[in-house]
Amino acid sequence: MQKLSIKPDPLSANTLHMGQTSIPHTTIYYNAFVTQEDESIKSVFAGLAFLLLGYFFIAVYSVSCLGIPHPVYSRGLLALSGLASVTMAIITSFGIMGYLGVPFTVLTPVLCYIVLAVGLDDMFVLTHQYQHVQGASVAAKIEKTLAHAGMSILFTSITDMTAFFCGSF
């Protein structure tokens, strides 16, 4: 009896490979392919280095814009806390997506940049408004800041949500 051994072609890991093997009195047809899910997972993890590099550059930019070299008015830690807040929101949303069974696609990492951009933009708006508010106490300054900048942040968030919701169809 002849032993049958079919080894996959090295090219079959990346492409659809079809062929035929003939043994006397027997013909075996085979094909090997990679599913779309495998390719999606591979591309998501391939882009992880770019995602982390992008986060690093955005963190450096935020700290350099808000972290002016002044012992009292420097807001470098505020920039880092804004970045940490957005990062926790992204991690939480990915956890909820995983729990609900929403599939991760090639475009999923792009959401990180969109959420990061919107979140840090809101942080810059609040910081700018806080610097221009006159008040006696910190609580009064925060109240006036949220009264002025909070409305614009609310409306931009609503319009962003509406635009992305309409774009999902």
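Which residues does T127 touch, not counting residues up to four places away in sequence?

What we have here is a predicted model. Its mean pLDDT is 77, and 76% of the residues reach 70 or more. One stretch needs some care: over residues 8-17, pLDDT stays under 50, and the model has 14 contacts there beyond four places in sequence. Where pLDDT is low, the predicted coordinates should not be read in detail.

Now, the layout. The protein has five helices and two strands, and if you start at the N terminus, the order is β-β-α-α-α-α-α. Of its 169 residues, 18% are buried. As for the accessible surface, the total is about 12600 Å², with carbon and sulfur atoms taking 71% of that. And among contacts with a separation of 6 or more, 46% join residues 24 or more positions apart.

Let's go inside. The largest nonpolar core is made up of twelve residues, including L51, Y55, L83, I90, C112 and M123. Three helices each supply at least two residues of this core: α2 (48-66), α3 (76-100) and α4 (108-132).

Is T127 buried or exposed? Buried, because its relative accessibility is 6%, and the cut-off for buried is under 20%. And here is the reply to my opening question: leaving out residues up to four places away in sequence, T127 touches L66, R75 and L78.

Thanks, all!

Terms used. Residues numbered from 1 in each chain as written. Predicted model: local features only at pLDDT ≥ 70, side-chain atom pairs only at ≥ 80, totals over all residues. Heavy atoms only, no water. Core = buried A, V, L, I, M, F, W, Y, C linked by side-chain atoms within 4.5 Å. Buried < 20%, exposed > 50% of the residue type's maximum accessible area, 1.4 Å probe, protein only. Helix = DSSP H or I, 4+ residues; strand = E, 2+ residues; numbered from the N terminus. Contact = heavy atoms within 4.5 Å. pLDDT = per-residue confidence, 0-100. Areas by Shrake-Rupley, 256 points an atom, 1.4 Å probe, with all protein chains shown as cover.
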